[in-house]
Amino acid sequence: MTRGTVPDLASAHPLGELLPGVYLEDSLTQRFTEGLDVVLAPVFMTLDCLDAYLDPWLTPPDFLPWLASWVGIELDETWPESRQRAMVAAAPRLHRERGTHRGLVAYLELLTGGEVELIESGGARWSAEPGATPPGAATPQLQVIVRVSDPNSVDRVRLDHAVRDARPAHLPYQVEVLPLASAGWR
């Protein structure tokens, strides 16, 4: 889809009024510039409203994928528009928190619309007290539990790829999708 002329949209800056005085009374020149005004009016309108195009909550729906590409997010066309907008709006925070517990939970909750629980093997393998048992497990592991109202609605391949790409690189992982009686997109 491309942008073009908009019927009955007047230019905020008519070119004919900007010409030297000798051309203000020339009907041919005025008609010619009116033709250009029809083409330029959407450009001026877009530039005047540029901040709205760059705000994920205000941008036209057909601009969302383009805006998402700017912030490194891939949108699913089957998602509701509100989830797509939320994902684009959260992208800077998600990138900043990437690889952290909080960042992974936030990303997967936006991705699935459900509740996410992470169970990590946790802990560093050292202790400040001699002879104490170090915290955590000897083998690193990440278990991701996603609870949604309809587990069949979750694209498991996409979810697996999201966990694989967003988790700390050294952690092996497992993903489970379980039912939740009152889950859904918030």
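View 1. Three strands form an open sheet in the order E1-E2-E3, and their pairing is mixed. Strand E1 (115-120) and strand E3 (173-179) are the edge strands, each pairing on one side only. From one strand to the next, the twist averages 15°. Strands (E, at least two residues) and helices (H or I, at least four) are DSSP runs numbered from the N terminus, and two strands pair if DSSP finds at least two bridges between them. The model is predicted: local features need pLDDT of at least 70, side-chain atom pairs count only at pLDDT 80 or more, and totals for chains, interfaces and linings use all residues. Residues are numbered from 1 along each chain as its sequence is written, and side-chain values use heavy atoms, with hydrogens and water left out.

**View 2. Strand E2 and its two neighbours.** Strands E1 and E2 run antiparallel and are joined by six bridges; Leu 118 has Val 144 in E2 as its bridge partner. On the other pairing, E2 (residues 142-148) and E3 run parallel, with seven bridges between them. Leu 142 stands opposite Tyr 173 in E3, and Gln 143 stands opposite Gln 174 in E3. Five of the seven residues of E2 are buried, so the strand is largely enclosed by the rest of the structure. Buried means under 20% relative accessible area, exposed over 50%, and partly exposed in between (1.4 Å probe, protein chains only).

**View 3. Helices on the sheet.** Helix H7 (residues 156-166) lies across E2 and E3 and runs at about 140° to E3. Angles run from 0 to 180 degrees between N-to-C directions, and axes are lines fitted to C-alpha atoms, for helices over the stretch in contact. Contact means heavy atoms within 4.5 Å.

**View 4. The pair of helices H5 and H6.** The axes of helix H5 (residues 81-96) and H6 come within 10 Å and cross at roughly 165°. That makes H5 roughly antiparallel to H6; angles under 35 degrees count as roughly parallel, over 145 as roughly antiparallel, 65 to 115 as roughly perpendicular and the rest as oblique. Among the H5 residues that meet H6 are Arg 83, Met 87 and Leu 94, and on the H6 side they include Gly 103, Tyr 107 and Leu 111. The residues of this contact divide into eight nonpolar, two polar and two charged. Here Ala, Val, Leu, Ile, Met, Phe, Trp, Tyr, Cys and Pro count as nonpolar, Asp, Glu, Lys and Arg as charged, and the others, Gly among them, as polar.
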